[in-house]
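Biologist: I would like to learn how to read side-chain features from a set of atoms. Can we go through one case, feature by feature?

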Amino acid sequence: MSARCLAVCLVLAAGCAGDDGRSKDGFIADADALCGAASAQLAGLGPLRPALFEASEQRRGLERWFSGFVQTLGDNVAELRALERPEGEDGALGSALFGPRERVLSHASETLALVRANGTPVASSRGDELRAKIAAARAPAIDYGFEDCAEIG
(Lines give C-alpha, C1' and ligand atoms only; values in the text may rest on other atoms or scores of the structure.)
Protein backbone atom coordinates (compact mmCIF):
# COMPACT_ATOMS: atom_id res chain seq x y z
CA MET A 1 0.00 0.00 0.00
CA SER A 2 1.43 3.38 -0.98
CA ALA A 3 2.14 6.06 1.63
CA ARG A 4 -0.52 8.29 0.07
CA CYS A 5 -3.14 5.53 0.12
CA LEU A 6 -2.28 4.70 3.73
CA ALA A 7 -2.57 8.36 4.75
CA VAL A 8 -5.99 8.65 3.09
CA CYS A 9 -7.17 5.44 4.79
CA LEU A 10 -5.98 6.71 8.18
CA VAL A 11 -7.75 10.04 7.66
CA LEU A 12 -10.98 8.31 6.66
CA ALA A 13 -10.76 5.97 9.63
CA ALA A 14 -10.14 8.88 11.99
CA GLY A 15 -13.20 10.65 10.62
CA CYS A 16 -15.35 7.62 11.41
CA ALA A 17 -13.94 7.17 14.90
CA GLY A 18 -15.57 10.18 16.49
CA ASP A 19 -15.82 13.93 16.42
CA ASP A 20 -12.05 14.60 16.15
CA GLY A 21 -12.56 15.73 12.56
CA ARG A 22 -14.48 18.75 13.83
CA SER A 23 -11.78 19.93 16.22
CA LYS A 24 -8.92 22.11 15.06
CA ASP A 25 -6.36 19.59 16.35
CA GLY A 26 -8.15 16.75 14.58
CA PHE A 27 -8.27 18.68 11.33
CA ILE A 28 -4.58 19.55 11.59
CA ALA A 29 -3.67 15.90 12.19
CA ASP A 30 -5.79 14.69 9.26
CA ALA A 31 -4.51 17.43 6.94
CA ASP A 32 -0.88 16.87 7.93
CA ALA A 33 -1.25 13.16 7.11
CA LEU A 34 -2.48 14.05 3.63
CA CYS A 35 0.21 16.69 3.14
CA GLY A 36 2.92 14.30 4.29
CA ALA A 37 1.83 11.73 1.71
CA ALA A 38 1.74 14.40 -1.02
CA SER A 39 5.19 15.67 -0.02
CA ALA A 40 6.58 12.14 -0.32
CA GLN A 41 5.21 11.96 -3.87
CA LEU A 42 6.57 15.40 -4.73
CA ALA A 43 10.00 14.39 -3.41
CA GLY A 44 9.93 11.57 -5.95
CA LEU A 45 9.95 14.18 -8.73
CA GLY A 46 13.42 15.26 -7.71
CA PRO A 47 14.57 18.86 -7.48
CA LEU A 48 13.51 21.49 -9.99
CA ARG A 49 16.92 22.16 -11.51
CA PRO A 50 17.68 25.32 -13.50
CA ALA A 51 19.18 23.10 -16.23
CA LEU A 52 15.66 21.91 -17.08
CA PHE A 53 14.83 25.44 -18.21
CA GLU A 54 18.03 26.08 -20.13
CA ALA A 55 18.00 23.65 -23.03
CA SER A 56 15.19 22.87 -25.45
CA GLU A 57 16.03 19.15 -25.26
CA GLN A 58 15.13 19.32 -21.58
CA ARG A 59 11.58 20.42 -22.40
CA ARG A 60 10.15 16.92 -21.86
CA GLY A 61 11.83 16.65 -18.47
CA LEU A 62 10.50 20.05 -17.50
CA GLU A 63 7.01 19.09 -18.65
CA ARG A 64 7.15 15.80 -16.70
CA TRP A 65 8.28 17.62 -13.57
CA PHE A 66 5.58 20.30 -13.72
CA SER A 67 2.92 17.81 -14.77
CA GLY A 68 3.70 15.58 -11.77
CA PHE A 69 3.84 18.59 -9.46
CA VAL A 70 0.51 20.01 -10.67
CA GLN A 71 -1.22 16.61 -10.50
CA THR A 72 0.05 15.79 -7.02
CA LEU A 73 -0.57 19.21 -5.51
CA GLY A 74 -3.97 19.46 -7.22
CA ASP A 75 -4.99 16.10 -5.76
CA ASN A 76 -3.71 17.21 -2.36
CA VAL A 77 -5.71 20.45 -2.42
CA ALA A 78 -8.85 18.51 -3.40
CA GLU A 79 -8.29 16.02 -0.56
CA LEU A 80 -7.74 18.83 1.93
CA ARG A 81 -10.89 20.63 0.78
CA ALA A 82 -12.85 17.39 1.22
CA LEU A 83 -11.92 17.17 4.91
CA GLU A 84 -14.57 18.27 7.37
CA ARG A 85 -13.35 21.59 8.74
CA PRO A 86 -13.67 22.83 12.30
CA GLU A 87 -16.62 25.14 12.73
CA GLY A 88 -15.76 28.81 12.33
CA GLU A 89 -12.31 28.13 10.84
CA ASP A 90 -13.02 28.59 7.12
CA GLY A 91 -11.44 32.05 6.93
CA ALA A 92 -8.37 31.05 8.90
CA LEU A 93 -7.92 27.89 6.85
CA GLY A 94 -8.31 29.86 3.64
CA SER A 95 -5.46 32.12 4.71
CA ALA A 96 -3.25 29.45 6.25
CA LEU A 97 -3.75 26.45 3.99
CA PHE A 98 -6.01 26.67 0.97
CA GLY A 99 -5.06 30.11 -0.39
CA PRO A 100 -1.28 29.62 -0.24
CA ARG A 101 -1.42 26.10 -1.70
CA GLU A 102 -3.76 27.26 -4.47
CA ARG A 103 -1.40 30.14 -5.35
CA VAL A 104 1.46 27.64 -5.68
CA LEU A 105 -0.77 25.36 -7.76
CA SER A 106 -1.88 28.23 -10.00
CA HIS A 107 1.70 29.31 -10.69
CA ALA A 108 2.78 25.73 -11.42
CA SER A 109 -0.23 25.22 -13.72
CA GLU A 110 0.57 28.41 -15.63
CA THR A 111 4.18 27.31 -16.00
CA LEU A 112 3.10 23.88 -17.23
CA ALA A 113 0.92 25.57 -19.88
CA LEU A 114 3.93 27.63 -20.98
CA VAL A 115 6.10 24.53 -21.16
CA ARG A 116 3.50 22.70 -23.26
CA ALA A 117 3.09 25.59 -25.70
CA ASN A 118 5.23 24.95 -28.76
CA GLY A 119 8.02 27.42 -29.22
CA THR A 120 7.34 29.32 -26.02
CA PRO A 121 10.52 29.87 -24.05
CA VAL A 122 10.14 29.37 -20.34
CA ALA A 123 12.40 31.50 -18.20
CA SER A 124 14.15 29.83 -15.29
CA SER A 125 12.75 32.65 -13.17
CA ARG A 126 9.47 30.67 -13.23
CA GLY A 127 11.21 28.07 -11.08
CA ASP A 128 12.54 30.76 -8.75
CA GLU A 129 9.04 32.23 -8.47
CA LEU A 130 7.61 28.80 -7.68
CA ARG A 131 10.17 28.31 -4.91
CA ALA A 132 9.29 31.78 -3.53
CA LYS A 133 5.56 30.94 -3.49
CA ILE A 134 6.29 27.66 -1.75
CA ALA A 135 8.39 29.50 0.85
CA ALA A 136 5.64 32.10 1.34
CA ALA A 137 3.14 29.31 2.04
CA ARG A 138 5.16 28.10 5.06
CA ALA A 139 4.62 30.86 7.62
CA PRO A 140 0.80 30.99 7.61
CA ALA A 141 0.62 27.19 7.79
CA ILE A 142 3.08 27.07 10.70
CA ASP A 143 1.21 29.87 12.48
CA TYR A 144 -2.03 27.87 12.23
CA GLY A 145 -0.34 24.80 13.70
CA PHE A 146 0.46 22.64 10.68
CA GLU A 147 3.70 20.71 10.36
CA ASP A 148 3.56 18.63 7.18
CA CYS A 149 1.21 21.10 5.48
CA ALA A 150 3.81 23.80 6.07
CA GLU A 151 5.98 22.01 3.51
CA ILE A 152 5.22 21.61 -0.18
CA GLY A 153 7.56 19.06 -1.70
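Biologist: Which side chain meets that of Asp90 in a salt bridge?

Modeller: One point before the answer: this is a predicted model. As for the general idea, side chains of opposite charge can pair when their charged atoms come close. Here the partner of Asp90 is Arg85, with 2.9 Å from N to O. Arg85 is partly exposed, at a relative accessible area of 26%.

Biologist: How many salt bridges does a search of the whole structure find?

Modeller: The search returns seven. One of them joins Glu102 and Arg81, at 2.8 Å from N to O. Glu102 belongs to helix H5 (residues 90-116) and Arg81 to helix H4 (residues 59-82), so this pair ties together parts that are 21 residues apart in sequence. Glu102 counts as partly exposed at 30% relative accessibility, and Arg81 counts as partly exposed at 39%.

Biologist: What does Arg131 form with Asp128?

Modeller: Arg131 and Asp128 form a salt bridge in which the closest N and O atoms are 2.9 Å apart. Both residues lie in helix H6 (residues 125-144), at a spacing of three residues, about one turn of the helix. Arg131 has a relative accessible area of 36% and is partly exposed; Asp128, at 44%, also counts as partly exposed.

Biologist: Which residues are linked in a network of salt bridges?

Modeller: Glu110, Arg126 and Glu129 are linked in that way.

Biologist: Now a charged residue without a partner. Which side chain of opposite charge is nearest to Asp32, and how far away is it?

Modeller: The nearest one is Arg101, at 7.7 Å. A salt bridge requires nitrogen and oxygen within 4 Å, and Asp32 has none, although Asp32 is buried. Asp32 sits in helix H2 (residues 24-43). Apart from neighbours within four places in sequence, Asp32 is in contact with Phe146, Glu147, Asp148 and Cys149.

Biologist: Where is Leu80, and how far is its C-alpha atom from that of Asp32?

Modeller: Leu80 is in helix H4. The C-alpha atoms of Leu80 and Asp32 are 9.3 Å apart, while the two residues are separated by 48 residues along the chain. At 0% relative accessibility, Leu80 counts as buried. Setting aside neighbours within four places in sequence, the contacts of Leu80 include Phe27, Ala31, Leu34 and Cys35. Arg85, Arg101 and Cys149 are also among the contacts of Leu80.

Biologist: Let us turn to rings. How many aromatic pairs does a search of the whole structure find?

Modeller: The count is five. In general, a pair of aromatic rings is described by the distance of the centres and the angle of the planes. For Phe53 and Phe66, the centres are 6.3 Å apart and the planes stand at 75°, so the pair is edge-to-face. This pair links distant parts of the chain, with Phe53 in helix H3 (residues 51-54) and Phe66 in helix H4, 13 residues apart. Phe53 and Phe66 are both buried.

Biologist: Is the pair of Trp65 and Phe69 stacked or edge-to-face?

Modeller: Trp65 and Phe69 have ring centres 5.1 Å apart and planes at 15°, so the pair is stacked. Trp65 and Phe69 are four residues apart in helix H4, a separation of about one helical turn. Trp65 counts as buried at 10% relative accessibility, and Phe69 counts as buried at 2%. Phe53, Trp65, Phe66 and Phe69 form one aromatic cluster.

Biologist: Which ring does the charged end of Arg81 sit over?

Modeller: The charged end of Arg81 sits over the ring of Phe98, 4.3 Å from the ring centre. Arg81 is also the residue that meets Glu102 in a salt bridge. Elsewhere, Lys24 lies over the face of Tyr144, at 4.3 Å from the ring centre.

Biologist: Last, the chain as a whole. How many helices and strands does the chain have?

Modeller: There are six helices and zero strands. Of the 153 residues, 39% count as buried. Among contacts between residues at least 6 apart in sequence, 73% join residues at least 24 apart. The chain exposes about 8000 Å², and carbon and sulfur atoms supply 52% of that area.

Terms used:
Residues are numbered from 1 along each chain as its sequence is written. This is a predicted model: local features need pLDDT of at least 70, side-chain atom pairs count only at pLDDT 80 or more; totals for chains, interfaces and linings use all residues. Side-chain values use heavy atoms; hydrogens and water are left out. Helices (H or I, at least four residues) and strands (E, at least two) are DSSP runs, numbered from the N terminus. Buried means under 20% relative accessible area, exposed over 50%, partly exposed in between (1.4 Å probe, protein chains only). Lys and Arg count as positive and Asp and Glu as negative; His and the chain ends are not counted. Contact means heavy atoms within 4.5 Å. Rings of Phe, Tyr and Trp (its six-membered ring) pair if their centres lie within 6.5 Å; planes under 30 degrees apart count as stacked, over 60 as edge-to-face and the rest as tilted. A charge sits over a ring if NZ of Lys or CZ of Arg is within 6 Å of the ring centre and within 35 degrees of the ring normal. Accessible areas come from the Shrake-Rupley method with a 1.4 Å probe; for residues, only the protein chains shown count as cover.
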